[in-house]
Amino acid sequence: MSVPKPFAERYESALENEALSESLLAFQRSWRDTRDAQIVDLEGIAGMKADALRDGLAAMKDSVIADLPAMVTQFRTAAEAAGAIVFEAATAEEANEYIAQLCRDQGTTTVVKGKSMVTEELFLNEHLEAAGIKAIETDLGEWLLQLDDDRPSHVVMPAIHRRRQEVARILERELGVPFDDDDIPAMVRSARTALREHFLAAGVGITGANALVAKTGSTLLVTNEGNGEFSASAPPVHVVVAGIEKIVPTFGDAMKQVRLLARSATAQPITTYTSFFTGPAPSHEMHIVLVDNGRRAMAGEEWSSAALRCIKCGACANVCPAYQVVGGHAFGHVYTGPIGLVNTAFHHGIKAAAGPQSLCLSCGACETVCPVDIPLPEQILQVRRRTAEEVGLPRSRRLGMRAYTSRRLFGLGTRLAAIAALPFRRGRFTRAPFSGRFTSWRTPPAIPLRPARSRAALRAESGAVAPTEASGRHVTLFMQCVSDRLAPEVVLATADLLRAAGCEVDVPNDQHCCGLPAIDSGDDANARRMARQTLETLEGTDDIVTPAPSCAIAMLNDYERLFEDEPVWQERARQLAGRVFDLTGYLAGPARLPDGTLARGDTRPVAIDHFCQGANTIGREDALDSLVRGLTGANVVQLEEADVCCGFGGSTSIAAPGLSAGVLDRKLDRVAASGGRVLLTDNPGCLLHLRGGADAARLDVEVLHVAEYLAARLPDRE
Amino acid sequence: MTTSPVLEELRARARDSQSEVHELGTWADVARFALELAGSEDVAVTPTLAAARPELATALGERMRQPDPEAPFASIADAAVGIAEGMLAVAESGSVLLAHDELADRAVSMLSRIGVQVVPRDRIVASLDDAAVWLDANEGAASLVSLVTGPSRTADIERSLTIGVQGPSDLHLVILG
């Protein structure tokens, strides 16, 4: 096995591998259904809601993380009392050398290993090999990868990126007998026979641990194949390698983890073997290597300590749309998936984490399935900020962001672009005579010569349609930079809808960008610059409404943190947060018009995409559906995976177009299957992305912002 | 005392994990059942069980195999049938809790092609929490305690569920008495 190749190489080769994204797509879809059913089943068994089970497990892990030194001592004392020898390794080198020395002492050159992510983290196999010791992986997937000099791409299903035909060839090469590509059971049986001699010959068996029980010094190992138990039992020396964060106080706490682990990992109720080792078997030795390797540092920082709750189930990867397209070799380092973007920074350094974290779309799906409630999206952003500080942003991105902070420069830029693109303007699109990696899969939008802010209709007087709770309220319309310049019709429609609900609409002319692109890039300095400007612009009215939920979420979730060292600005951010609404939330809340008010016009079937961040971070999956149904009586069709990201991801679609295109494909397939002829979204970035994608894919679907769709049905618009 | 809803839960959960639950009256019945599964081959028994239940050893007679204490794994690998006594059966998950201190016991449970795990009826518990209470009370009980749930399996090749890897490919859970 080798260390990971450079990120750019891993990313490019992942994009070329279509079989990879296809098999991960099938996997993610089936996992989601089975896992959800398992969680419902567990609620019945435990007599508790899933959230309560998750919170209980998280709180138990937190209690250990908060008290690590004492827990390590307690575990160590108990394990030694049970007859094990405990070694605390501060670094990978210390752990590796201790284990190599054990092998030398044992006079063995063959070691069998159960599946263990921590030994991958340490590059233990490479270290042992350099010491003349052959470590043989005995988990089927790990063994196959080892035979082919490959690395795991998923924490739980290491070989998920390999096809059965490839497996058959690997086994033929290794065993010298032919394998039928379709006879997977024969391939599996071969592992039993081929590995048997190694189990019996090895002088040392190495396993990981899923938990360490402090009270009794027991180590918990779960497997499905039985290879871990065999590795731990047949050789005369059993070495358990585990991170210190695996400690749990009692067996009861271990069971809390058991209940959620397999359900979250492989969507099984429990693994075949759930094994507790307490001290060595008679006449055998047991060593426990407790690994730090960055963990105490992780526990010591407020933003990162929750990542130590991780039970390595891989659920976060199983819902990650970016992971689905490129797999774990690109989306991760040794640890893959969303959690890998966080813990890599501690185990392997910020440089190792820098490449993969640029692929995160910030959709927030990972956090919704984490069985220990790790705030992954926030932590990934924090890693981005660290990357920006320590490794630096790419020059183009840095300059681009700086230019973006200036409303005038941005205005001038879009105006020049509008003039340049004018000859190619066709309706809503810019159809250039050439296409490249940014445009072949997504037709660029038309760039209007006049932004929303300079159109008379924006400030026109139009009447209320019906009284609402918001009647007479002064509403500041935050247009959002993208809508203002690239989709002015969305801004105009928003103003019309607010007036229809009886609001007095004010549109300050000096507004620009909320700072979200900079926040997403980890560029806090520019983010603060834009946030201050936005705060100054928006102060002084009753409510603030924006047609861009992404910006509302930035103001609600990110501003307070941005100004954590500036109390005056932070207070202003808090004041603002109390008054900000995204348009959907406002129309569904205070500005709710009576049902049926807009029941006229367009009768085409409507599919509704759910803005992923809205669904995942503020839990409003269905607000848009019920709003559209209620107001218009439209035929809203079922859109599968409506909550899954469309692939826009802010600047990700520019930084990683191949990834963005892959995620968009998944969405458009679902849109095509839905039968909808209109696709609604309420986020302007997603709107332009989906509209351009639907056009490039020649889908017979009109993509509209919900504001456009609703405003077109206002009486005076008919 | 065990109520039948708990047994029914155990049966359903065990079936979900592809093991089968049987109810037998005596150790002699267990011997007959194991011999039937073994066909013309021998039946391995964990040494601890063989010593504790002479009636099982008697009923198996010459067909009983024991691991060689010097080389427990090599000597018993791939026995047709292996019998072990479980300390608990857990209804919630359809699992049997095996407590094996001796390597020879582990070898029989781990490597037989067909596993037979016997649990006396009064040792069925409802939940994993009950198993944790038992483990606490017994301070871990043995150097290896395994909750075994169904035959060994893998889905490592194209996520295709395949039964029988290093451990048994058939598992029978016998409720005794």
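# Briefing on a predicted two-chain model

**Chain B as a whole**

- The secondary structure of chain B comes to seven helices and 12 strands, and 56% of its 177 residues count as buried.
- A compact globule with 177 residues would have a radius of gyration near 16 Å, and the 15 Å of chain B agrees with this.
- Taken along the principal axes, the C-alpha atoms of chain B fill a box of roughly 45 × 40 × 30 Å.
- Among the contacts in chain B with a separation of 6 or more, residues 24 or more positions apart account for 72%.

**Chain A as a whole**

- Chain A contains 34 helices and 19 strands; its radius of gyration is 28 Å, close to the 27 Å that the globule rule gives for 718 residues, so chain A is as compact as a globular protein of that length.
- The box filled by the C-alpha atoms of chain A, taken along the principal axes, is roughly 90 × 55 × 50 Å.
- Of the 718 residues in chain A, 57% are buried, and 77% of the contacts between residues at least 6 apart in sequence join residues at least 24 apart.

**Where the two chains meet**

- The contact between the chains takes 46 residues from chain A and 39 residues from chain B.
- On the side of chain A that touches chain B, at least two residues are supplied by each of α2 (18–46), α8 (140–147), α9 (164–175), α10 (184–201), α11 (227–233), α12 (251–265) and β9 (273–277) of chain A.
- The largest share of that side, eight residues, comes from α10(A), and the residues of the side of chain A that touches chain B divide into 25 nonpolar, 14 polar and seven charged.
- Strand pairing also links the chains, with β9(A) and strand β9 (residues 144–148) of chain B joined in the antiparallel sense over five bridges, and B:Leu147 in β9(B) is the bridge partner of A:Thr274.

**Helices α9 and α10 of chain A**

- α9(A) and α10(A) pack at an angle of about 35 degrees with their axes 11 Å apart, and α9(A) passes α10(A) in a left-handed crossing.
- In this packing A:Arg164, A:Val167, A:Ala168, A:Leu171 and A:Leu175 of α9(A) meet A:Ile184, A:Met187, A:Ser190 and A:Ala194 of α10(A), a set that divides into seven nonpolar residues, one polar and one charged.

**Helix α17 of chain A and its surroundings**

- Helix α17 (residues 350–357) of chain A packs with helix α19 (residues 376–390) of chain A at an angle of about 115 degrees, with their axes 10 Å apart, and α17(A) passes α19(A) in a left-handed crossing.
- From α17(A), the residues A:Ile350, A:Ala353, A:Ala354 and A:Gln357 meet A:Ile380, A:Val383, A:Arg384, A:Arg386, A:Thr387 and A:Glu390 in α19(A); the residues of this contact divide into five nonpolar, two polar and three charged.
- A:Ala353, A:Ala354, A:Gly355, A:Pro356 and A:Gln357 are buried in α17(A), and the buried residues of this helix pack against α1 (7–16), α15 (321–330), α16 (337–347) and α19 of chain A.

**Parallel strands in chain A**

- Strand β13 (residues 474–477) of chain A runs parallel to strand β14 (residues 504–506) of chain A and is joined to it by three bridges, with A:His474 standing opposite A:Glu504 in β14(A).
- Three bridges also join β13(A) to strand β15 (residues 543–546) of chain A, again in parallel, and here A:Val475 stands opposite A:Asp543 in β15(A).

Technical notes: Residues numbered from 1 in each chain as written. Chains lettered and ligands numbered in written order. Predicted model: local features only at pLDDT ≥ 70, side-chain atom pairs only at ≥ 80, totals over all residues. Axes fitted to C-alpha atoms, helices over the stretch in contact; angles between N-to-C directions. Helix = DSSP H or I, 4+ residues; strand = E, 2+ residues; numbered from the N terminus. Left-handed = near helix turned anticlockwise from the far one by under 90°. Contact = placed C-beta atoms within 7 Å. Nonpolar A, V, L, I, M, F, W, Y, C, P; charged D, E, K, R; others polar. Pairing = 2+ DSSP bridges. Rg over C-alpha atoms; globule rule 2.2 N^0.38 Å. Buried ≥ 20, exposed ≤ 12 C-beta atoms within 10 Å, placed from the backbone.
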